[in-house]
Amino acid sequence: MNSRPASTLTLLARLGFDDLGAAKSTIDALDATPGAGGITEHLDLFSLAADPDRALRGLQSLLDRHADALAPALEDPSWMRRIIRVLGASEGLGQFLLRRPDELAALREQLGEPRDTEVYRRDIVEAVAGLTGEDARLALRVRYRRHLLQLAAWDLDHDDPLTAMPAVGCALADLAGASLDAGLDIARRECGFPDAQVAATRLAIIGMGKCGARELNYLSDVDVIYAVEAGDGIETGRAVEIGTRLASMTARSIQEPGIEPPLWEVDANLRPEGKDGALVRSLDSHRAYYERWAKNWEFQALLKARPIAGDPEVGEGFLAITQPLVWESSQRDGFVEQVQGMRERVTAHIPADEVDVQVKLGPGGLRDIEFTVQLLQLVHGNHDDRVRQRDSLGALAALAECGYIGRAEAAEFSGDYRLLRVIEHRLQLDRLSRTHLMPRDADRQRVIARATGLASSAEELLSQWQRTKLAVRSLHEKLFYRPLLSAVAKLPDEQLALTSDQAEARLAAIGFVDPERALQHIAALTGGVSRRAAIQRTLLPVILQWLADGADPDHGLLSFRRLSDALGETYWFLRMLRDSSGAAQRLSTVLAASHFVGALFERIPEGAAWLEDDDELRPRPLAALLDEVRATVARHTGDDDAAAKALRVARRRETLRVALAAMVDVIDVQQLGVALSDVTTAYLTGALALAHTYGDGVEFAIIAMGRYGGAELGFGSDADVIYVFRDAGAGDRAATVAQRIVTRLGQLTEDLRLPCELDAGLRPEGRNGPIVRSLDSYRAYYERWSLTWEAQALLRARPAAGDGALSADFMDVADAVRYPSTFGEAEAREVRRIKARVESERLPQAADPARHLKLGRGSLSDVEWFVQLLQLRHAHEEPALRTPSTLGALAAAADAGLLPSRDAERLRAAWLIASRVRSAAMLWTGRTADVLPADRRQLDAIARLLAYPPKSAALLEEDYLRTTRLARQVFEKGFYAT
Amino acid sequence: MDKQRDFVLRTIEERGVKFVRLWFTDVVGTLKMVAIAPAEVEGAFAEGLGIDGSSIEGFTRAYEADVLAHPDPTTFQILPWRGDVDPTARMFCDITTPDGQPAAADPRQVLKRTLAKAADAGFTFYTHPEIEFYLLKSSKFGPEGPQPVDSAGYFDNVPGGSAHDFRRRAVRMLEDLGISVEFSHHEAGPGQNEIDLRYADALTTADNIQTFRTVVKEVAIEQGVYATFMPKPLEKHPGSGMHTHMSLFEGDTNAFFDPGGQYQLSQIGRQFVAGLLHHAPEITAVTNQFVNSYKRIWSGDEAPSYVTWGHNNRSALVRVPLYKPGKGQSARVEYRGLDSAANPYLAYSLLLAAGLKGIENGYELPPEAEDTVWALSESERRALGYKGLPASLDRALGLMEDSELVAETLGEQVFNYVLLNKRREWREYRAQVTPYELSSNLEIL
């Protein structure tokens, strides 16, 4: 009766066998086995198996051990088809059949559809009727698995698994409910309380999570909450006591080890007070809890609640209490934080090595869809009960139906959701295990692919999955943000239109403080028929999302609007928005993080273009800046005001460039110092070229001092300078001419938008001395009168602008003063004394020394004075110390063994954190800050700029205080102690 | 927690509580309170109660002017001394900043943070203090100093019995507050008493100490006397210490117990003691925070002036008592340096941190002190390597300032505040011209 062609290896390969040799010898052996013909006769059925090798092995084992049970099936190709389907896709069900061969009969009939809730319930409860103990558990579990077997066969055999998926989820949830009912039935017999009292204990089991939503997986924990009411003849307290026993015994029937393995975990941790709370509560107690104590996430969980077993009236009573509360949750305080928390949970806690194989978590996973759908439901369900659906697919459909999201998107993501769920189902079915991870092994991937019925090879499935992941990643933007636009602009491609109240509710939920104003900005940005409006309609949803992640979304949106208005139809701006999401994201991030940048963009909107290209962001070298300055001055010969204006524009532009570079981490704080110093130098060079007329009989130079001299400027630092001239023919008039140059410099460099304070306070005699001196006067002064602090100030002198020869001669004078061949204890004591006086006098009244960034305990000035004292004492014999840079000199001193490297490291760390906080404070507020802010919001914003995670105010504060305290310890020992 | 809150609100209703006092402690250790009406309690649980911190020691800077007090429902108690007229209850609070982070200057948060660190290492910290204090006739004092209620020895012998009433009343109140105690009257000083609080986790103990001080003060007022926890109120009589027994548990096991160890003290216990000794000088500015504290430490007798440990040695700083056989769970060590005026939250934080440091770094325990340390000569002590505790608040502050352990444990802000505040105290103290100087110098100079 062997009518089929010989089982060639080619044929086996075509059917999908993997290990051809083994398969062939098995088949050959079966051919020779009496009664096994049914297996080999319909070999083509194996092409339906996810894993034909496994199906064949499974059949052989059944034949070996349970030939009688298998025999009738061998006669029936349809029956065989279902057996082969199941064996091929599920090792777990294969083992069940080996344990319970009689259950093969369950596959005899083709299931038309999964059965009704009540059919499952009756059947499983009937299976345990009158039973107790191990018998009862065995009966319950075997009966559950019989239905699971049938359901899996139906699912695997379905033409369109994506269509079948929702029904499978429902059936699994119904089976879980039915099993709990059966478990409860057993518990009532076994619990040991008087029968009448047990009968009067009305226990309801409420399904939560996916079970409540009737979208359960093949294998996952079943989340439940128990509620009890006392029937006739017992008190509530007694009902709770009995109910608690019943609940824990019910769970045991399901999950404790036994002859037939347990089904799944019953998880009651979503109950009031979680693990520590009472397992079972009366309805009144639930009411009291949810009305008074429950947290927002608990209401979010209640979104899915549904009575699944036990007393249906009590279950409905539970819903009647809790459902109204669910929908008030978006009105509660802290909702925004809760939402952010939800998002963090979505993105966090995935081990890095699992990200690419996670079907559920991770970017583009199931959790992304669930998060977006739930958030939309919570925001809108408050006013619209039509979107109050438990399951994700139902909610998607309802949200589309009611116009909160586009129909096309809803359909698209519904498809994506089903695809991910089908993959997840097949993964779990494989071993009947609770996994969400795609195997890495190519053979196993192939099995999963074949099991889905959607792909015949691993590659095909993986590429479908990748496409879906990508689509899902944009889901949040498309469903949550994009419809915001519809509240203010008619979107040509969509039917839906949110009301402004609905849109404002969404904006408030993600952290906009003034959603009404935000909506106006959105209207302005997207209104009209311009190309820009069209492009912004496309991009704004994602920009809103980026802004919402920043410290000040409202201000970010305002700045974006201004920028967009200023740039109008500029070609590159539109292109940048359209093509380069990296640049657009950077733009949104800096706008929401920095008022300083926002203000500069108002003047230099074209700066946005640099964000596309790190090379554009890199500070321009000094030589290039100077070239531009010279060209500018030359171009405006005869019109100083126009030239000065052009120089101002250039300075603002380059400052903006540096600010952007610092914010997107193209440069660090040390490079920032150099860059800002270069910008200042170029600016002063230009201004001096205007102020100092060629051939007026004097040479003139500007010497950089202080932090400017050290090329360590931050945003908002003054530029310390001194001025020097030399007579070149002007004779007696030279001093007057020089004085006039200084005055003119001050006028030319005035900039109210981005002030450039030239501070000449470090000149000889300080504010009492003449503002400008001749080189000879400097020489004479320093030789005769020089005070220690003046020598110290000169340590950071560096030529900035003006005549090169004069500058060089000045530096020679300076070197003799600042690197003295002898620097005795008396001089050192003088430095210490002045420092001590500065500490007590310069610190503003009521300022907290621990928080002052410049003059505070262990902050900038401590580090600078420490380094300068070392330089004064040792630079003469240690040339490496001769640098105007504080950190440079500190490193050189450590190299030279002048201080322990651990001390140097502490000082450096303090200098860096104080400098970074100062610059960040300026970037954030647009105003200079001399103290670490106290306000939590300011601190949080500064911390974000310093690359701390959000909500790190306290952490930054502690870090700052610790770092500066340690530096102060070094300072106290190394500076004051002799 | 939620169940506790439920209980609190229910009790307020059932007992007709009229006022609820929210208690918290400033950096110095002074108990602060805000009274609210029962209707506000629910809101205080949910969102915290905004309080103006600018008038509170340690919260004084502008940025902490706005803080929130979050009552801890597990600490709810009806205050017994208010009687049945206008029943009043109290809860301890945690203080947070408006953005919900623990306020840096809240001592209770400091202890919670330190306990959490111990929990990360698998330990729970239990303490049991013996609190000494004096009962005086009044807080006024004449040239002879304060007057104790009895100049005799035992309480009970004092005719008129006000002291007897005091004891009965205080025990009753403490027990009504859920704090069980053992009273004893010292022979050592007239009017001096000692009360032992039951073993509890350190946070509960610290809360209990704060409650205890309040109760003792209240009862004293009721009885027309005055109670003081000042470390050394009477020059000629011993000071008031707060010897504290400590132990670490790992789950249900006492980590200090090892039946085979010397004095049945485990390796962890030895390292803990070594940590206490190693860091004792630098934490003294907190465990003994007043100028006056150092007059107790250096008063001789049983005061623990030197950094030593011993077994049943009443002159040692750390004592390892012998446990009854089969009572391994009661294995503990006793730190005798602490005085009754310490801020219990900060002091326990530092003792725990010092002990943990010993465990973490595997400190070696130095040899035991078997002699009465006081009786040795200075050279003998030097030879044996017994270092003294700081001789004054000033010295203690100098040691603390260099201590990473203290800075890390207290947090930068409390650390800074304690230094500033105590430096001020030292300056004010030093500025005085004392009767001693006048009587011994004026006539001869």
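Modeller: The dialogue below moves from strands to a loop residue, then to domains, chains and cores. The model is predicted, so local features need pLDDT of at least 70 and side-chain atom pairs count only at pLDDT 80 or more, while totals for chains, interfaces and linings use all residues. Residues are numbered from 1 along each chain as its sequence is written, and chains are lettered from A and ligands numbered from 1 in the order in which they are written.

Biologist: With which strands does β1(B) pair, and in which sense, parallel or antiparallel?

Modeller: Strands are DSSP runs of E with at least two residues, helices are runs of H or I with at least four, and both are numbered from the N terminus. Two strands pair if DSSP finds at least two bridges between them. Here β1 of chain B (residues 19–25) and β6 of chain B (residues 88–96) are parallel, with five bridges; B:W23 stands opposite B:F92 of β6(B). β1(B) also runs antiparallel to β2 of chain B (residues 31–36), and six bridges join these two. B:T25 has B:L31 as its bridge partner in β2(B). The hairpin of β1(B) and β2(B) has five residues between the strands, and B:G29 takes a positive phi near 110 degrees there.

Biologist: How many residues of β1(B) are buried?

Modeller: A residue is buried if 20 or more other C-beta atoms, placed from the backbone, lie within 10 Å of its own, exposed if 12 or fewer do, and partly exposed in between. By that count, five of the seven residues of β1(B) are buried.

Biologist: Why is B:D99 classed as partly exposed?

Modeller: B:D99 is partly exposed because 15 other C-beta atoms lie within 10 Å. B:D99 sits in the loop between β6 and α3 (107–120) of chain B. Contact means that the C-beta atoms of two residues, placed from the backbone, lie within 7 Å. Residues up to four places away in sequence not being counted, B:D99 touches A:R936 and A:A953.

Biologist: Which domains are assigned to chain A?

Modeller: Domain bounds come from an automatic or database domain assignment. For chain A, the assignment gives domain 1 (111–329), domain 2 (335–420 + 433–490), domain 3 (492–604) and domain 4 (825–975). The centres of domain 1 and domain 2 of chain A, taken over C-alpha atoms, are 27 Å apart. Between them, 20 residues of domain 1 are in contact with 21 residues of domain 2. α9(A) gives the most to the domain 1 side, with four residues.

Biologist: Which residues have the most contacts inside the largest nonpolar core?

Modeller: In soluble globular proteins, nonpolar side chains tend to be buried together. A nonpolar core is a set of buried Ala, Val, Leu, Ile, Met, Phe, Trp, Tyr and Cys residues joined through C-beta atoms within 7 Å. The largest has 300 residues, and A:V597, A:A659, A:I703 and A:V721 have the most contacts inside it. α9(A) gives the most to this core, with 14 residues. Apart from this core lies another, of 117 residues, including B:I51 and B:W309.
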